[in-house]
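Me: I am new to this structure and would like a close look at a single part of it. Please keep to the aromatic rings and whatever surrounds them.

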Amino acid sequence: MLHGNATGGLRWEFRQGLSILRDGDTRLLDMRHNKRGIARVVSGTERWLVYHQGFWRPRLVLARNGRSIVVIDDYCPGNISRVEVPGGRTYALQVKHNPTVRVSLLSANGNEVLHYSQTPAKPKPRATFHVSDRSIPNEDLLVLAVLGCHAFLSFREELSTASVKPKRLTVAAEHDSIE
């Protein structure tokens, strides 16, 4: 079960185009982002690709080892999009931005599994990553964490008005904040 150890739980670290998901001291995966909205994920021997498709009917696709495993239709702020992960379990992705970005992933019964949010703190915004339900399968949690992170970064980038980006940003698990 993914839950971390004495040094902390699940957390993201961001470094200029590279996002690293850790469980305590263990590095779970690396996600590299490019300017075209494509993320390449490496987790052990697996290779994932996260990308956007379409304009009028936007989709978010997660492919693993060259094969699409998750396709989210009608992927845009304000919508609640259905997410079906390998194994047939369903979740929902909800993106809000009023006035800042909040990405939530919900279980089939509507309970929050995890979320990413940003507060409009000055001088720089603060982001949080919170896992509410650790009882879901580990594979689902990893897939949802990757999809949520990609959605959060994509929408945050679209709404960003800052001209200077931090060189290193760490998103802490639970209710910890970023310094």
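How many aromatic pairs does the structure hold?

Reply: The model is predicted, and the structure holds 3 aromatic pairs. One of them is formed by tryptophan 12 and phenylalanine 14, whose rings are stacked, with 6.0 Å from centre to centre and 15° between the planes. Tryptophan 12 and phenylalanine 14 are both buried.

Another stacked pair consists of tyrosine 116 and phenylalanine 129. Here the centres lie 4.8 Å apart and the planes make an angle of 25°. Tyrosine 116 belongs to strand β11, residues 112-119, while phenylalanine 129 belongs to strand β12, residues 126-131; the pair therefore ties together parts that are 13 residues apart in sequence. Both tyrosine 116 and phenylalanine 129 are buried. Phe152 joins them: ring pairs link Tyr116, Phe129 and Phe152 into a cluster.

The two strands that carry tyrosine 116 and phenylalanine 129 also have their place in a sheet. This sheet is open and has 5 strands in the order β8-β9-β10-β11-β12, paired antiparallel. Its edges are β8 (80-84) and β12, and each of these has a single partner strand, so one side of each has no neighbour in the sheet. From one strand to the next, the twist averages 15°.

Further along the order of the sheet are β9 and β10. Strand β9 covers residues 90-97 and strand β10 residues 101-107; these two run antiparallel and are joined by 7 bridges. One example is tyrosine 91, whose bridge partner in β10 is serine 107.

As for the setting of this part, the secondary structure of the protein comes to 1 helix and 13 strands. Read from the N terminus, the elements follow the order β-β-β-β-β-β-β-β-β-β-β-β-α-β. Of the 179 residues in the protein, 45% are buried, and tryptophan 12 and phenylalanine 14 are among the buried residues, as are tyrosine 116 and phenylalanine 129. Among contacts in the protein with a separation of 6 or more, 36% are between residues 24 or more positions apart. The accessible surface of the protein comes to about 9700 Å², and carbon and sulfur atoms account for 50% of this surface.

Technical notes. Residues numbered from 1 in each chain as written. Predicted model: local features only at pLDDT ≥ 70, side-chain atom pairs only at ≥ 80, totals over all residues. Heavy atoms only, no water. Phe/Tyr/Trp six-rings, centres within 6.5 Å; stacked < 30°, edge-to-face > 60°. Buried < 20%, exposed > 50% of the residue type's maximum accessible area, 1.4 Å probe, protein only. Helix = DSSP H or I, 4+ residues; strand = E, 2+ residues; numbered from the N terminus. Pairing = 2+ DSSP bridges. Axes fitted to C-alpha atoms, helices over the stretch in contact; angles between N-to-C directions. Contact = heavy atoms within 4.5 Å. Areas by Shrake-Rupley, 256 points an atom, 1.4 Å probe, with all protein chains shown as cover.
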